[in-house]
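Colleague: I am new to this structure, and I would like to go through the words used for it one at a time. Could you show me what we are looking at?

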Amino acid sequence: MKRTFIAAAVIAALVPAAAMAQAQPPAKSSAAPAASTAGGKTLYPPAQYDLMLKDRLAQGAQDSAELRQALKDELNTRELLVREAKKQGLDKQPDVKTQMDLASQTALVRVYIQDWIQKNPIPDADLHKEYDSIKGQIGDKEYKVRHILVEKEDDAKDIIAQLQKGAKFEELAKDKGGDLDWNAPANFVKPFGDAMKSTPKGKFTPQPVQTQFGWHVIEVDDIRDAKVPSFDEVKPQLQQRMQSQWLDKYLKDLRTKNGV
């Protein structure tokens with residue numbers, strides 16, 4: 001279990017969303033219309049060249065004569081391969097036609113989602129509300145804890161009895177747990193987090209703590225005020241998380257509306 005604050009809590013809750021990365025408008029480029037390649041002919045529409053150049057520059061590529069020539073060569077090669085494939089009738093094969101339909105559908109869906117995201121920004125009031133909610137869950141304290149994890153309650157009770165007789169926690173924790181460093185109770189399952197909060201500094205839990213992982217004996221080494229990032233520091237992560245939630249809800253409502 002690693003140290004986590006609001007930013008990590010936000011990120012952990014996130015569902016990977018490729019559409020979010022695509023939501024940002026692409027960087028403007030100085031793309032000129034496609035010219036003839038070094039070999040002579042240009043077999044592709046200029047719009048294809050302009051779009052590919054814009055995409056490459058948006059991804060961080062450096063604009064250069066070499067890049068432009070490479071794109072021209074790639075587009076010409078693609079066109080030649082497409083022509084060869086059509087000569088063999090590959091574009092008429094059912095599975096190939098299905099793949100082509102899916103590729104076209106994917107491009108259209110991606111553009112639509114980009115447009116939807118740009119037209120549905122998350123209001124700052126909602127972002128602040130989400131920030132306050134997460135901040136409240138994390139709390140204002142962090143705990144430096146160690147634990148020992150065993151399968152049976154009786155084994156945990158035996159460990160507590162040994163600690164009460166003066167045994168060293170770190171010795172008993174070998175191969176059975178260890179140092180969890182600084183953490184907020186919200187980063188753990190509820191029984192574990194509740195035990196952290198109720199155990200005084202320098203003490204261990206007088207009774208075993210049960211979770212889905214087994215039975216724990218927890219020792220609180222230290223307590224300090226939580227270091228909570230500011231709203232502005234985590235705003236981008238909050239926007240991404242909430243935009244993903246809004247998009248999920250929109251898609252769910254769209255399916256429901258259409259009976260699917």
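Modeller: What follows is a set of questions about terms, each answered from a value and a definition.

Modeller: This is a predicted model, in which local features need pLDDT of at least 70 and side-chain atom pairs count only at pLDDT 80 or more, while totals for chains, interfaces and linings use all residues. Residues are numbered from 1 along each chain as its sequence is written, and side-chain values use heavy atoms, with hydrogens and water left out.

Colleague: How many helices and strands does the protein chain have, and what pattern does the chain follow along the sequence?

Modeller: The protein chain has ten helices and four strands, where helices are DSSP runs of H or I with at least four residues, strands are runs of E with at least two, and both are numbered from the N terminus. Read along the sequence, the pattern is α-α-α-α-α-α-β-α-α-β-α-β-β-α.

Colleague: What share of the protein chain is buried?

Modeller: Of the 260 residues in the protein chain, 30% are buried; the word means under 20% relative accessible area, with exposed meaning over 50% and partly exposed in between, using a 1.4 Å probe and protein chains only. As for contacts, meaning heavy atoms within 4.5 Å, among those between residues at least 6 apart in sequence, 72% join residues at least 24 apart.

Colleague: Why is α3 called oblique to α4?

Modeller: Two packed helices are described by the angle between their axes and the distance between the axes. Helix α3 (residues 46–58) and helix α4 (residues 65–87) pack at about 130 degrees, with axes 10 Å apart. The axes are lines fitted to C-alpha atoms, for helices over the stretch in contact, and the angles run from 0 to 180 degrees between N-to-C directions. Angles under 35 degrees count as roughly parallel, over 145 as roughly antiparallel, 65 to 115 as roughly perpendicular and the rest as oblique, and therefore α3 is oblique to α4. The contact involves residues including Tyr49, Met52 and Leu53 of α3 and Leu71, Leu75 and Arg78 of α4, and its residues divide into seven nonpolar, one polar and five charged. Here Ala, Val, Leu, Ile, Met, Phe, Trp, Tyr, Cys and Pro count as nonpolar, Asp, Glu, Lys and Arg as charged, and the others, Gly among them, as polar.

Colleague: What makes α6 roughly perpendicular to α10?

Modeller: The axes of helix α6 (residues 124–138) and helix α10 (residues 231–257) come within 9 Å and cross at roughly 105 degrees, so α6 is roughly perpendicular to α10. Among the residues that make this contact are Leu127, Glu130 and Ile134 of α6 and Leu238, Arg241 and Met242 of α10, and by class the contact has eight nonpolar, two polar and five charged residues.

Colleague: Which residues does Glu130 contact, and why is Glu130 called buried?

Modeller: Glu130, found in helix α6, has a relative accessible area of 16% and therefore counts as buried. Leaving aside neighbours within four places in sequence, Glu130 is in contact with Leu238, Arg241 and Met242.

Colleague: Where do α5 and α10 meet?

Modeller: Tyr112, Ile113, Trp116 and Ile117 in α5 meet Gln243, Trp246, Leu247 and Tyr250 in α10, a contact with seven nonpolar, one polar and no charged residues. The axes of α5 and α10 come within 11 Å and cross at roughly 120 degrees.

Colleague: How do you know that Thr199 is buried?

Modeller: Thr199 has a relative accessibility of 5%, and so it counts as buried. The place of Thr199 is in the loop between α9 (190–198) and β3 (209–211), where the Thr199 side chain reaches the backbone oxygen of Ala195 at 2.6 Å. Not counting residues up to four places away in sequence, Thr199 touches Phe204, Thr205 and Val220.

Colleague: Why are Asp181 and Leu90 called partly exposed?

Modeller: Asp181 has a relative accessible area of 38% and is therefore partly exposed, and Leu90, with 31%, is likewise partly exposed. Asp181 is found in strand β2 (residues 177–183) and has a positive phi of about 60 degrees although it is not a glycine. Most residues other than glycine have a negative phi. Leu90 is found in the loop between α4 and α5 (94–119).

Definitions and conventions: Polar contact = N/O pair within 3.5 Å; in protein donor to acceptor, adjacent residues only side chain to side chain.
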